[in-house]
Structures are given as structure tokens and as C-alpha cells.
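Reader: I would like to go through the ligand site and the pockets of this structure. Could you take my questions one at a time?

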Amino acid sequence: MRTLIFATNNRHKLQEVSEMLKGIVDIRSLAEMGLEGDIPETADTLQGNALQKAQWVYDRTGMDCFADDTGLEVEALGGAPGVYSARYAGEHCSFDDNIDKLLAALDGEINRRADFRTVICLIENGEPRYFEGRVDGVILTERYGKEGFGYDPVFLPDRFAVSFAEMPLEVKNSISHRGRAVQALVEYLSENQKTKR
Ligand code: IMP
């Protein structure tokens with residue numbers, strides 16, 4: 001099985017993605033590789049940030065690796081918070097601060113359409129390659145559920161009656177932005193492995 005480093009310090013993401021790549025790829029975390037420190041995320045697109053994070057790891061290890069970047073895009077807010085989703089309520093804010101700001105921004109708003117979009121950048125032998133996933137839904141008026149992270153308690157995916165934070169991880173992974181982007185990565189890696197044999 002091939003080894004890939006996943007460029008994230010987010011333990012929830014690591015758990016989600018490791019679960020999906022089980023038996024296909026041997027995932028190593030930054031901590032396992034002894035890589036410490038905050039990875040820069042200063043680009044103004046999801047693709048740019050995913051590349052920046054993966055490149056940071058590649059420059060330090062020379063090993064194949066990947067990174068993801070996700071944005072919550074709210075229609076009534078012109079696509080905000082988008083690439084700034086992590087810092088929506090300010091530097092070093094909590095997930096709860098972000099949700100509070102989002103609910104306040106949408107107070108009284110009828111159009112609550114939103115999507116999550118993930119871009120994964122895989123760096124293989126120094127070459128970047130991109131994979132994308134998206135899920136559409138609405139922003140709820142209050143929090144529901146305790147699972148997941150980030151904006152999960154207020155995101156209701158289309159065709160579901162529960163928020164992301166009320167779903168078992170396998171169900172979220174099967175429909176989520178990151179789940180779909182990882183699925184595209186899995187398909188590529190599986191194909192690639194076949195042609196290498
Ligand atoms: P990142 O840059 O990919 O870490 O994602 C930016 C921000 O989007 C995170 O800090 C979370 O607030 C939010 N986010 C990313 N993925 C999810 C998810 O699966 N559910 C809810 N929020 C998420």
C-alpha cells in the first residue's frame with residue numbers, strides 16, 4: 001500500500017479522511033511525520049490554499065502528500081464566508097463564534113441556500129493534481145446535533161431531514177463535500193495503481 005501524508009492539524013478531518021482511505025492508502029498525519037507549526041493558508045481561492053498546504057509538506061518531506069481546503073458558500077451573503085470560513089468571526093475564533101456570526105448575518109433572511117465546496121490538492125512526484133467535491137443545502141436557524149465540527153450543526157444537506165451534526169460519520173462521508181472530493185481522489189489513486197502494475 002502506498003503512503004501519503006495528509007496535511008492537516010484538524011483531528012476531525014483526519015478521522016473522516018482516514019476512514020475513507022482505509023485499505024487503499026496508508027495515511028500519515030503531520031504529527032506522525034514530526035511536522036509542527038501552522039501551515040500557511042494565505043491564498044484567496046480554495047485551490048490556492050490546498051496547493052499551499054500540500055506544497056508546505058512536500059517541501060519539508062519530499063514525500064507524496066495531499067491537503068484539502070473547504071469553504072461554506074452562502075448564497076444570500078454573496079458566497080461568504082467562502083475561503084475565509086475558518087476565520088469568519090476573526091483570527092483564533094471558535095466554531096461556535098463562526099456559527100453565531102453566521103446565524104446573526106442570516107437573521108430574518110428567507111434565502112438560506114448554501115453549499116460546502118472542497119478542493120483537494122495531491123502532490124505526486126512534485127506535480128500537483130486537483131479533486132473537487134460539493135454538497136448543497138440550507139443553513140438552519142439554530143443548532144442541531146453534537147457530531148462533526150465547524151458549521152455542521154447548522155447545515156442541512158438537501159434530501160436529508162437532519163443536520164450534518166446529527167449524522168453518523170459514515171453517512172456524512174457518503175454525501176459530504178470532502179467525502180465526494182476524497183472519492184474522486186480514491187478513484188484516481190485506484191486507477192493509477194492499476195496502470196502502475
Ligand atoms: P479548511 O480550511 O478546509 O480547514 O475549512 C475551513 C473551515 O470550514 C473550517 O474551519 C470549518 O469551520 C469549515 N468546515 C470545513 N469542513 C467542514 C465540514 O465538514 N463541516 C462543517 N464545517 C466545515
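Reader: How far does a polar side-chain atom of Lys172 lie from an oxygen atom of the ligand?

Author: The distance is 2.8 Å for Lys172. That is a polar contact, defined as a pair of N or O atoms within 3.5 Å; within protein, one must be able to donate a hydrogen and the other to accept it, and residues adjacent in sequence count only if both atoms are side-chain atoms. Please note that this is a predicted model, in which local features need pLDDT of at least 70 and side-chain atom pairs count only at pLDDT 80 or more, while totals for chains, interfaces and linings use all residues. Residues are numbered from 1 along each chain as its sequence is written, and side-chain values use heavy atoms, with hydrogens and water left out.

Reader: Which atoms of Asp69 and Tyr151 lie by the ligand?

Author: In Asp69, a side-chain N or O atom is 2.8 Å from a ligand oxygen. Tyr151 instead uses a backbone N or O atom, 3.1 Å from a nitrogen of the ligand. The ligand has 480 Å² of accessible area on its own, and the protein covers 95% of that (Shrake-Rupley method with a 1.4 Å probe; for residues, only the protein chains shown count as cover).

Reader: Which pocket does the ligand take?

Author: The ligand takes the largest pocket, as more than half of its atoms lie within 2 Å of the grid points. A pocket is an open set of points on a 1 Å grid over the protein atoms alone, where a 1.4 Å probe fits, with protein on both sides within 12 Å along at least five of seven lines; lining residues have an atom within 4 Å of a point. The volume is about 1,100 Å³, counted as the space filled by probe spheres set on points joined across faces, edges and corners.

Reader: What gives the most to its lining?

Author: S3 does, with five residues; strands are DSSP runs of E, at least two residues, and helices are runs of H or I, at least four, numbered from the N terminus.
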